[in-house]
Amino acid sequence: MARCYSVPVPNRQPPCPDSWPDIWLISDARNDAALENALARLPRGSGLVFRHYHLSPAERGTRFKVLSRIARRFGHMVVLSGTPREARRWKAAGAYGAAARLADGPATLRLVTVHSLRELGEAHRARADMVLISPVFATRSHPGGKTLGPTRFRLLSARSQVPVIALGGMTPHRGRRLPARKWAAIQAFT
């Protein structure tokens, strides 16, 4: 079995599952202005998934450095939306994205997005360490979009071979109502 670390160590195996955050903040153009305050208010040891697709590559790199510094000061784990190689290069604790994007590359924490049973299988084949199953509830990101709801979320979660993070319309109250103790949000913290 591969050795794991209690804290992220750049260019090493992913951290131990027991140290993976229960609460994740996902960055986005909509919450960018409030991220510094949100990171300060999150419970110590939470996670940040850095996306920021709206920025140019240079601006994205600069913003990542600023937010990473703040997040790490509060003991938060930082994961980059990108490939495992990019995550290593940026000194992130791991990579986030669809299974196809994360299937290859060096050993690093992999957070894979899942919306169906088929995608869950793809996530397992891509060596996912955790899966973000969504959308559990209606979201402001996709108004009127189809949701899983708590029952289908539970059924899909039961098939996962790795820890599950609930995403989509999540709030602290909804997070406590679901069997998965891990959850993520874009706007619940800002």
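Analyst: We may begin with Asp 32, which counts as buried at 19% relative accessibility. Please keep in mind that this is a predicted model.

User: Why does 19% count as buried for Asp 32?
Analyst: Asp 32 counts as buried because its 19% relative accessibility falls under the 20% cut-off.

User: Which residue does Asp 32 form a salt bridge with?
Analyst: Its partner is Arg 63, and the closest N and O atoms are 2.8 Å apart. Arg 63 lies in helix H2, residues 57–73, and Asp 32 lies in the loop between S1 and helix H1, so the pair ties together parts that are 31 residues apart in sequence.

User: And Arg 63, is that buried or exposed?
Analyst: Arg 63 is buried, with a relative accessible area of 15%.

User: How many salt bridges does the structure hold?
Analyst: The structure holds 9 salt bridges. One of them joins the side chains of Asp 22 and Arg 181, at 3.0 Å from N to O. Asp 22 is in the segment before strand S1 and Arg 181 is in the loop between helix H7 and strand S8, so this pair ties together parts that are 159 residues apart in sequence.

User: How accessible are Asp 22 and Arg 181?
Analyst: Asp 22 is partly exposed, with a relative accessible area of 29%, whereas Arg 181 is exposed at 56%.

User: What about Glu 86 and Arg 101?
Analyst: Their side chains also meet in a salt bridge, at 3.7 Å from N to O. Glu 86 belongs to helix H3 and Arg 101 to helix H4, so the pair ties together parts that are 15 residues apart in sequence. Glu 86 counts as partly exposed at 25% relative accessibility, and Arg 101 counts as partly exposed at 41%.

User: Changing topic: which residues of H6 are buried?
Analyst: Gly 149, Phe 153, Leu 156 and Ser 157 are buried in H6. They lie on the same side of H6, because they cover an arc of only 100 degrees around the axis. On the other side of H6, Thr 151, Leu 155 and Ala 158 are exposed.

User: What do the buried ones pack against?
Analyst: The buried residues of H6 pack against strand S5, helix H5, strand S6 and strand S7. As for Ser 157, this residue touches Ile 133 and Val 164, leaving aside residues up to four places away in sequence.

User: Finally, how much of the whole protein is buried?
Analyst: Of its 190 residues, 51% count as buried. The secondary structure comes to 7 helices and 8 strands.

How values were computed
Residues are numbered from 1 along each chain as its sequence is written. This is a predicted model: local features need pLDDT of at least 70, side-chain atom pairs count only at pLDDT 80 or more; totals for chains, interfaces and linings use all residues. Side-chain values use heavy atoms; hydrogens and water are left out. Contact means heavy atoms within 4.5 Å. Helices (H or I, at least four residues) and strands (E, at least two) are DSSP runs, numbered from the N terminus. Buried means under 20% relative accessible area, exposed over 50%, partly exposed in between (1.4 Å probe, protein chains only). The arc is that of the directions from the helix axis to the C-beta atoms. A salt bridge is a side-chain nitrogen of Lys or Arg within 4 Å of a carboxyl oxygen of Asp or Glu.
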